[in-house]
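Work through the exercises below with the sequence and the model side by side, trying each task before reading its solution.

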Amino acid sequence: MSRRVFITGVGVVAPGGVGRDNYWDLLTQGRTATRRLSLCDPEPFRSQVAAEVDFDAEAAGLTEPQAKELDRAAQFALVAAREAIVDSGWAGTSPPERTGVIVGSAVGATTKLEEVYRQVSKDGVLWDVIPDAPTELYSYFVPSSFAGEIARDAQVTGQSGVVSTGCTSGIDAVGTAWELVQDGVLDSVICGATDAPISPITVACFDTIKATSTYNDTPESASRPFDVTRGGFVLGEGSAMFVIESEESVERRGARVYGEITGYASRCNAYHMTGLKDDGRELAEAVTAALFQSKMDPHELDYVNAHGSGTKQNDRHETAALKVSLGEAAHHVPISSIKSMIGHSLGAIGSLEIAACALALRHNMIPPTANLTRPDPELDLDYVPVHARSRRTDRVLTTGSGFGGFQSAMVLADPEKSS
Amino acid sequence: MTANISGIDIISPLGLSREEHWKAVLDGYSGLAPTRSFDSTTYDNPISGEVHTFTPEGLPRRLLPATDRMTQMSLVAAAGAFDDSEIDLGRLDPFDIGVLTASTAGGYAFGQKELQNLWSKGPKYVSTHQSYAWFYAVNTGQISIRHGSQGHSGVIVADDAGGLDAIAFAARRLRRGSKVVLTGAVDSTMCPWGRVAHASTGELSKSEDATTAYLPFDERANGWVNGEGGAHLVLQSTSDGRYGVIRGHGATIGEDRLSQAIRLALGRAELRPQDIDVVFADAAGTRAADQAEAEAIGEIFGRGSIPVTAPKAATGRMGCGTAALDVAMALLAIRDQTIPPTVNVEPDKSLGLNVCTTATRRRITNALVLARGIGGFNSALIVGA
Amino acid sequence: MNKGDAVVTRITMADLKRALEEGSGVDEGVDLDRDLGTSAFADLGYDSLAVLETGLRLSRENDVDIDDSIFMDLDTPQQLLDAVNEALERRRQAS
């Protein structure tokens, strides 16, 4: 069976604002949340900018033990999931065994792992680390604990797990959840993604491959997708979570929807763990497949939310992929990268971008690519520079590329407005 | 549309190949021994299930500085599974071939090395490979590059239960258009930083004697042993599935939800309990977990009837690799009509389980594999002839 | 890598070879001894990550920094060797 699936709730914890409304305000005002790195000491690092969440766990509703023991990424996901559930009005309307939790994460509980590592190794002195670790260490060791936390909190018992495909985890987790509902395994899924990678080991690993922005003197404009002066991504953090439901579930309770997930596809470039080819062929293939599932022609798209990480290679790769897959339409459809504003939160960003798409459908507004003041002449598409654009938005595409060669695409449509 | 299994390879403390492992299991050998990969005198858990004889010979030397031991093992097993399947990958459209693995904790030993480099020497000592050599997606990524597979691929993390979920998701990919999917899982976290994580569960055996360190369903059950290894399997949608087919899968989350996972799997397989010939148990090896599993099995199958086995008593638990290895062995059990033994164990009759302690010839058409993950994950997978 | 009390002023192709092999291995059939001085990295089977890794090792071993922008133009081991030695020379002149 292949059922229709809808997004009924959206929850967000993002740089620049905890909560969906704050997030949307930031995006539509074109403000940036990139700033000088403060979650760890910036001095030793090449890239000293980050997109950080000002997060007070207890103010956000977590208990003191949760604030102390849960990894930051787990905290984000729990808070975002709760907001999505409240937003959807879904709670209590479905048997617990028919709902699961699918969470995307690229780097799991990296922050807590590094913290505990420093203690048990005495800051790297001991290879034979001290066997005196908190009992929570196993929940940091295996990131499936994120899904477990949310399932317990929401009191659901259906199939659950974590999807971890690097920087496409955020799209792939929602896509995986979509397939489970389509196939009748579940009727609803609390899904999305989270990452809190701003920790020395992760900052250092991107430093060594020179992937991150070094606009350390101008942190507010350090993330410059599609700009000729772009110099890498800004490491970010955050979470976006959704409630998605089958058509029957939505109709039964008269739920208001943000949009329908009409297509999802993923491919691998089978080329390199971190490198991208200039032709963008595999991403193009994923886009084409997602549009085909959606029974949509590229000309019907109102907005493309790009991966747009702001590295030299990605933005070239993605532009090529969009030209191949959208053809002539690539030159007319507005395309923007919100990483310009909230940085690149690795596994979480795909879900943050789906959230932006869902909000774009609801509010008929397209977020801009901030900092795009010197367009790269090689990249000649409409990337919505600087200012958000108010326009009727019924059909959107979001794309992602990740380490390991993953290339993913998802299409959302507003069912009330589209035929 | 059926998911056929056409290729299998195994790496475990009992062998570097499918047949080497299987023969050792049937002959009643154990791969548990005092830990050698690191100095375990600091720790309370002296026994491990290590793959002592593994070397990454045969892998391109360029890969060696850039890969964790886990990934090296995974690449070798994946190549072995593709070879076993005899599929000519070069004749397929690369977009029709996918890779869907499970991961537990990623390339943890590589990660420990890099964390040490960072904290003892500084950021300039973190290697360029750290950005991709430890994260959970690494095995899928490297396998796809090595074999040129460009189809829809993925990575599932659900602790030990992920080993079954990945295989079920791979079967789903076949229903959705992929023609060949490499699945399963291989895991290794054999380093002090890994050992401390496992020990933090409080469930690792403290036994110094390898023959009493992992005794699932035994009155003397005192925890489990950490091992390394796993299995990769090739699934394909065309009809020549030499090992068998995936019949059904069910997964739940929460305590006391294992029997529900079994019911879901039976339902999807359109089978009744009496159609199952053997259960490969999760066998967590603590009294409480063994009792809970025995109750779930008893609830579905009745007490003392269906044969139950845990060949993992001979290898230890290797994260999500454990359940993938169980699925491989379930298929070999079907091939050879023989149930592998649960070594060292004297079954506690009060649990009401019919535990096979020796290799047992038996007509097997359908096998049920169970896996539970810390955090409440419960998965059940049925394979059949 | 401990070079004792001597201040390093120059590294050799042998140093580069070692850093390359340790950080990135070597493909079967590639003869670094014969070809390192005269070939491009790509011809020897090395991608930009391998160049970065080698540069990283040589920089920290010799306590110099190679400018990011120079990495964009490094196609051959000889160019990388020259870049490290130029950085070493600049440090010597500054002291």
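**Exercise 1.** Find which residues A:Phe233 is in contact with, leaving aside its neighbours within four places in sequence.

*Solution.* Begin by locating A:Phe233, which is found in the loop between α8 (200-208) and β8 (235-236) of chain A, where helices (H or I, at least four residues) and strands (E, at least two) are DSSP runs, numbered from the N terminus. Next, list the partners, taking contact to mean heavy atoms within 4.5 Å: they are A:Phe206, A:Ala211, A:Thr212, A:Ser213, A:Ser309, A:Gly310, A:Thr311, A:His344 and A:Leu346. Finally, consider the cover: A:Phe233 counts as buried because its relative accessibility is 5%, the term buried standing for under 20% relative accessible area, with exposed over 50% and partly exposed in between (1.4 Å probe, protein chains only).

The model is predicted, so local features need pLDDT of at least 70 and side-chain atom pairs count only at pLDDT 80 or more, whereas totals for chains, interfaces and linings use all residues. Residues are numbered from 1 along each chain as its sequence is written, chains are lettered from A and ligands numbered from 1 in the order in which they are written, and side-chain values use heavy atoms, with hydrogens and water left out.

**Exercise 2.** Work out what span helix α4 (residues 110-121) of chain A should have, and then describe its surroundings.

*Solution.* The expected span is 1.5 Å times one less than the number of residues, so the 12 residues of α4 in chain A should span 16 Å, and this agrees with end C-alpha atoms that are 16 Å apart. Turning to cover, nine of the 12 residues of α4(A) are buried, among them A:Leu113, A:Val116, A:Tyr117 and A:Val120. These buried residues pack against α2 (64-69), α5 (137-141) and α8 of chain A, together with α3 (108-121) and α7 (192-199) of chain B. After α4(A) comes A:Lys122, whose phi is positive, near 55 degrees.
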